[in-house]
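Please look over the sequence and the structure shown below before reading the report. The headings that follow each take up one topic.

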Amino acid sequence: MAKVKYYYDAETLSYRKIKRKKRTTFKYATIFLLAAALFGFLSFAIVSHYIESPKERQLARELQNMELQYELLNKRMDDAIAALENVEERDNAIYRLYFEANPIPEEQRRAGFGGINRYKKFEGFDNSQLIAESNKRLDILEKAIVVQSKSLDEIAKLAEDKEKFLEAIPAIQPVNNLNLTRMASGYGYRTDPFTKVRKFHFGMDFTAPRGTPVYATGDGVVKRADNSSTGYGKHIRIDHGFGYVSLYAHLYKYNVRVNQRVKRGDLIGFVGSTGRSEAPHLHYEIFKDGERINPINFYYGNLSPEEFDVLLQRASLENQSLD
């Protein structure tokens, strides 16, 4: 129960109740409410500053987890970059070098992205720099992977072409050593068997009995199998691609037809003595980009070093050719 206050009235010589005015009551009430509100706000500010709410604790955990995930992401990117750099080093120093392709410059592999700021959307956050830098590294890594992937595609194509080249290039002796009587004449100046004049002999003559098998020296397509070329008699020409053509002359008969695709070692004809020939033998030539070259350099596929050495010695003798 509220206390009643009195004051002494000198005129009436008596005590009278003190009546509080409504204005004064309202004033005190307002002051009290403002003080209470201020106290409540300060209390909340102090408590919220030193004591986290469940929501704040959850958000803090999520933020810590996000920072941890970005750290792990950067660690994984470091590992990926290290592995990619190893592949790039082998790509430039081994693969591209072997296939005679130009190495890819480092600035091309690690090029950034010009133009507008791609990472503006990450600005304005507590970890903006971390997020933007991680995304930038990821973009550069992805681009480097694309560059390396295209490089490996190119290497695979070069390897495929190289394999085709190695299969196509003339690389064996057209007549088996077991069937040879002798290697009669090589590439270079020789004595013509009919005119006895010294002239250049553009192929190699292998002496063998009539009917001896003649084999394709590399993969290719038969472009000619006829006797309409002066002096060669019945002959075959195989286009191996890559600028190489092999010619087999003075044949007895054919075992292939024009436009037929053949493999190295396929039986294509038989030794004869047709055309301008003194005795049964195979006249063998190789063309590179339309120019006749020495066939002696193309027998690594089926001759041992000792056999090749003997062939080389016989081919270097300036004797009389058979055609």
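The report below covers a sheet, several loop residues and a surface patch.

## Basis of the report

This is a predicted model, in which local features need pLDDT of at least 70 and side-chain atom pairs count only at pLDDT 80 or more, while totals for chains, interfaces and linings use all residues. Residues are numbered from 1 along each chain as its sequence is written, and side-chain values use heavy atoms, with hydrogens and water left out.

## A three-stranded antiparallel sheet

An open sheet is formed by 3 strands in the order β7-β13-β11, and the pairing is antiparallel. Strands here are DSSP runs of E with at least two residues, helices are runs of H or I with at least four residues, and both are numbered from the N terminus; two strands pair if DSSP finds at least two bridges between them. The edge strands, each pairing on one side only, are β7 (213-215) and β11 (251-254). From one strand to the next the twist averages 35 degrees, where axes are lines fitted to C-alpha atoms (for helices over the stretch in contact) and angles run from 0 to 180 degrees between N-to-C directions.

Strand β13 (residues 267-271) pairs with β11 over 3 bridges in the antiparallel sense, and β7 and β13 likewise pair in the antiparallel sense over 3 bridges. Within β13, Gly-269 is the bridge partner of Val-214 and is also the bridge partner of Tyr-254, whereas Phe-270 is the bridge partner of Lys-253. Because 4 of the 5 residues of β13 are buried, this strand is largely enclosed by the rest of the structure; buried means under 20% relative accessible area, exposed means over 50%, and partly exposed lies in between (1.4 Å probe, protein chains only).

## The loop between α4 and β3

Gln-173 lies in the loop between α4 (128-168) and β3 (182-185), and this residue is buried, with a relative accessible area of 3%. The side chain of Gln-173 reaches the backbone oxygen of Val-175 at 2.9 Å, which can be read against the definition of a polar contact: a pair of N or O atoms within 3.5 Å, where within protein one must be able to donate a hydrogen and the other to accept it, and where residues adjacent in sequence count only if both atoms are side-chain atoms.

Ile-169 is also placed in the loop between α4 and β3, and at 8% relative accessibility Ile-169 counts as buried. The C-alpha atoms of Ile-169 and Gly-220 are separated by 8.7 Å, although these residues are 51 residues apart along the chain.

## Two residues with positive phi

Most residues other than glycine have a negative phi. Phe-242, found in the loop between β9 (235-241) and β10 (244-249), has a positive phi near 60 degrees and counts as partly exposed at 42% relative accessibility. His-250, in the loop between β10 and β11, has a positive phi of about 65 degrees although it is not a glycine, and at 1% relative accessibility His-250 counts as buried.

## A nonpolar surface patch

Leu-38, Phe-41 and Leu-42 make a nonpolar surface patch of about 330 Å². Patches are made of residues with over 30% relative accessible area and no salt bridge, joining like charges within 9 Å and nonpolar side chains (Val, Leu, Ile, Met, Phe, Trp, Tyr) within 5 Å; a salt bridge is a side-chain nitrogen of Lys or Arg within 4 Å of a carboxyl oxygen of Asp or Glu. Accessible areas come from the Shrake-Rupley method with a 1.4 Å probe, and for residues only the protein chains shown count as cover. Phe-41 lies in helix α1 (residues 22-50) and is exposed, with a relative accessible area of 55%.
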